[in-house]
Amino acid sequence: MIDIVVVLRAEDAVLDFLSVLTDGEAALVLADHGRTLTFPAAQSPAERLARIAGHVRPADDRAGASGPGSLAELVREAAGDREARVWTHSPADNRRSRGRVGRDTAVGCADRDVRHAVGYSPYLQVVSDFDHSLDRELIAGKLDFVNRSCEHLLTAPSPEYVVQTPRIPATERFFHAEAEERERLFALLASLDDEAASIPDPWEFGSSPYEKDRLDATAAWVLGHRAVTGESLVEVGACEGALTHRLVAAGCAVHATEPNPLFRKRLVEAVGGTETVRVSSKDLAELAVVPDLAAVSDLPDPTEEAHPRAGAHLLIEMLYYGQDLDLLDLLPTDHLFVALEPDAMDSRVRPWLAASATWQEVESVHLVPPRVETVCAGRAYLIKRGSDGLLLRRTAG
């Protein structure tokens with residue numbers, strides 16, 4: 001039996017996998033440049049740490065791995081004809097570079113015993129299957145390695161590479177993940193890209209009690225104002241249609257927009273045959289009506305297909321990604337429904353609204369309170385932070 005650790009960078013091996021690498025025959029695959037270090041059973045922990053230290057490099061945002069096939073081949077070469085346990089990063093590592101290595105290693109080594117490090121998990125509490133508590137001698141060795149070999153990373157500006165106290169655990173924790181669980185963990189920590197959309201319903205809108213309550217409360221809030229806003233709604237960033245379904249069932253005509261092609265395909269499959277739903281790929285900028293292209297040169301050409309005026313535009317849990325809030329002035333509507341986590345609402349939307357000459361607050365509501373909830377079939381849990389809503393009306397003129 002050989003233990004094979006697959007990490008993105010050399011320091012990762014000591015920070016999260018020291019307990020695996022200091023006893024018995026082992027190998028270390030450094031995914032960022034395809035190098036493998038082998039450690040004979042008789043080699044001391046100090047000798048192993050010294051070898052690893054020679055491969056610690058400066059922070060480099062270009063570092064990356066070459067995919068499941070290449071990682072699997074490196075593991076095969078290290079294992080030879082021996083049975084191997086494979087240890088690697090969590091697919092839910094908040095550092096996306098490590099999360100990809102963890103996921104790709106597990107995909108490439110699907111026929112092996114693969115174990116993921118919990119590591120430092122600021123967004124999720126992951127339920128572990130194996131916990132290795134380090135004795136004081138190993139902890140001293142880990143800290144000495146950090147001080148001698150990772151000094152430049154203690155103050156690294158990038159969160160992908162900085163080494164802080166929570167990333168130097170005294171107990172190293174690991175877990176198994178089946179394929180579906182792994183993919184859900186990976187998608188859960190993704191942003192609004194194809195990695196997030198790689199599985200259906202990555203944020204578990206269809207199964208989460210919290211999300212059901214949030215969506216029901218949001219739909220009831222919007223529908224409660226339709227005497228003023230009317231039945232015509234534009235839902236910006238509709239994802240797979242969890243809210244769309246609720247609005248259409250109440251008789252609304254919805255233009256559901258979703259830029260991501262994978263989410264949009266599922267949205268069309270779910271609601272595309274409904275007469276009162278129109279689906280498009282428009283993003284926030286493309287929905288804006290620009291009266292003077294010369295004055296706003298980076299916005300869409302106003303000669304493109306005009307967007308009919310809607311009773312309200314819905315921006316529900318989607319203004320987290322640095323969108324230009326001034327685009328909201330250009331949406332062809334007199335009403336905006338905005339919903340966000342309370343902290344994001346207070347830090348991002350309310351300061352913008354206070355300075356706006358275009359919009360005024362009609363109503364502020366607490367849609368749902370925070371709740372601690374499991375995700376990924378109980379593999380992890382987190383705090384869903386609640387949702388606040390703002391109804392805005394365009395000022396006269």
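Contact here means heavy atoms within 4.5 Å. Helices (H or I, at least four residues) and strands (E, at least two) are DSSP runs, numbered from the N terminus.

The model is predicted: local features need pLDDT of at least 70, side-chain atom pairs count only at pLDDT 80 or more, and totals for chains, interfaces and linings use all residues. Residues are numbered from 1 along each chain as its sequence is written, and side-chain values use heavy atoms, leaving out hydrogens and water.

**View 1. Helix 2 meets helix 5.** Leu49, Ile52 and Ala53 in helix 2 touch Gly141, Phe145 and Ser149 in helix 5. Four of the contact residues are nonpolar, two are polar and none is charged (Ala, Val, Leu, Ile, Met, Phe, Trp, Tyr, Cys and Pro count as nonpolar, Asp, Glu, Lys and Arg as charged, and the others, Gly among them, as polar).

**View 2. The angle between the two helices.** Helix 2 and helix 5 (residues 136–149) pack at about 25 degrees, their axes 11 Å apart. That makes the pair roughly parallel (angles under 35 degrees). Axes are lines fitted to C-alpha atoms, for helices over the stretch in contact; angles run from 0 to 180 degrees between N-to-C directions.

View 3. Seven strands line up in the order 3-2-1-4-5-8-7, with mixed pairing. Strand 3 (35–39) and strand 7 (130–133) are the edges, each pairing on one side only. Two strands pair if DSSP finds at least two bridges between them.

**View 4. Strand 1 beside strand 4.** Five bridges join strand 1 (residues 2–7) to strand 4 (residues 84–88), and the two run parallel. Val5 stands opposite Trp87 in strand 4.

Methods. Angles under 35 degrees count as roughly parallel, over 145 as roughly antiparallel, 65 to 115 as roughly perpendicular and the rest as oblique.
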